[in-house]
Amino acid sequence: MTTQVQQKIRVLIAKPGLDGHDRGAKVIARAFRDAGMEVIYTGLRQTPEMIASAAIQEDVDAIGLSCLSGAHMYLFPKVIELLRERGADDIVVFGGGTIPDEDIPKLKAAGIAQVFTPGATTGEAIEFVKSNIRSK
Amino acid sequence: MELTRKILEGDVRAAARLMTMIENGASEARAALKSLYAHTGSGYIIGITGPPGSGKSTLTDHLTDELRKRRKTVGIVAVDPTSPFSGGAILADRIRMQRHSLDADVFIRSMATRGHLGGLARATNDVVDVMDAAGKEVILIETVGVGQDEVEVVGTAHTCVVVSVPGLGDEVQAIKAGVLEIGDVFVVNKADREGANRTATELEMMLHMAPDTGGWLPKVYKTVATKGEGIAKLVDAIFAHKAFLDERDLRKKKGRERSERAFMALLQETLRARTVERFKRNGSMKEMIERVADRELDPYTAVEEILDKIGL
């Protein structure tokens, strides 16, 4: 196992909350895979607790949260809070979905590293992850 | 060592971090595995294998549920394929298992094959060892969706569960060597579908024709994993196989075989790495390979020469 060191970026893509629209999450998961990352996809209706726990077990570098229900102001900061509680706040958390512009500064203040709104390209998200994750 | 101590105390983050280091081939991983090794060997390892879409993840989820009812702590290693084109992977087995993500006595880890063939990832064995050392009593390994020849899990697991579904093909499919030879317990999942009884009967007929099974007669169980049907009986069957192994001291034998394989693989890999490293340093390997390519030297003599030089 000392023969080849192959670092792979691991990203958890999760959908917190109750909306059932996972198309965006699937598109981003697929784009990340095609960019050579390992994407852990946990599916719909995840609580912040489930997301934090899965991220820690999977030792991911980043978490992408997709939310279209309007509950992002509660759900996104809650994930950050739980990661902090468990000493895992080195995991970069970014979000996407239908998020009003005025909410973005508040989310960033709460620790969300970046917010992608409709119109953002998958390339931007890939570039963001590659240049913002911790080095292990 | 700090990391080892944390893992033995049940620190999930530390165990998860070591698993990443193992997967990445980091040199610190080797040191940690060294000190954890003495704490492994007590977990019972169950392999779940079968074709894509046969319901392995859902079955693993319900098996975990049943094992938790029986007060066993559970580790799950779920393997999914790496894309041969991008090197990336979508690891989606967790979708079916998320209800266990808040249970502190269940540890789920997804792994990509990273190009390794055989149904597992290269690092699966070591990751199973970390779960074992972290105190998980039962460890479930879910392989990638397999065809007929990806049977590596048999070398890792104590009990192998082979999952089939109705309508995959006629009995000729079942007679083929490979996956069907490795099962200790067989499952026909999605048994509420048409043809389930026929598939089960065909499997049973094939199993009866098997020559020597060493005293254990694998049986076929029908499940509907999405509804949890047949799961308790399946867990009983797995534990019956465990009892069979323990009565005849076969679990120890399997463990020895697994240790031997792991040892040989490690020896091979280490020797290869050190030999290549030594020859890279004095630059003669590239030159030698060129001579082989030009037919000036045959590869057999080349290898003998190299080994002579380092005194092996």
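A: Gladly! Start with contacts (heavy atoms within 4.5 Å): 14 residues of domain 1 of chain B are in contact with 15 residues of domain 2 of chain B. This is a predicted model, where local features need pLDDT of at least 70 and side-chain atom pairs count only at pLDDT 80 or more, while totals for chains, interfaces and linings use all residues. Residues are numbered from 1 along each chain as its sequence is written, chains are lettered from A in the order in which they are written, and side-chain values use heavy atoms, without hydrogens and water.

Q: What area is buried between domain 1 and domain 2 of chain B?
A: The size of an interface is often given as the accessible area lost when the parts come together. Here that is about 1,300 Å², with 63% from carbon and sulfur atoms (1.4 Å probe, summed over both parts). In domain 1 of chain B, B:M19, B:I22 and B:E23 lose the most area to domain 2, together 49% of what that side buries.

Q: Which residue forms a salt bridge with B:E23?
A: A salt bridge puts a side-chain nitrogen of Lys or Arg within 4 Å of a carboxyl oxygen of Asp or Glu. The partner of B:E23 is B:R109, with the closest N and O atoms 3.5 Å apart. The count between domain 1 and domain 2 of chain B is 1 salt bridge.

Definitions and conventions:
Buried area is the accessible area (1.4 Å probe) that two parts lose on being put together, summed over both.
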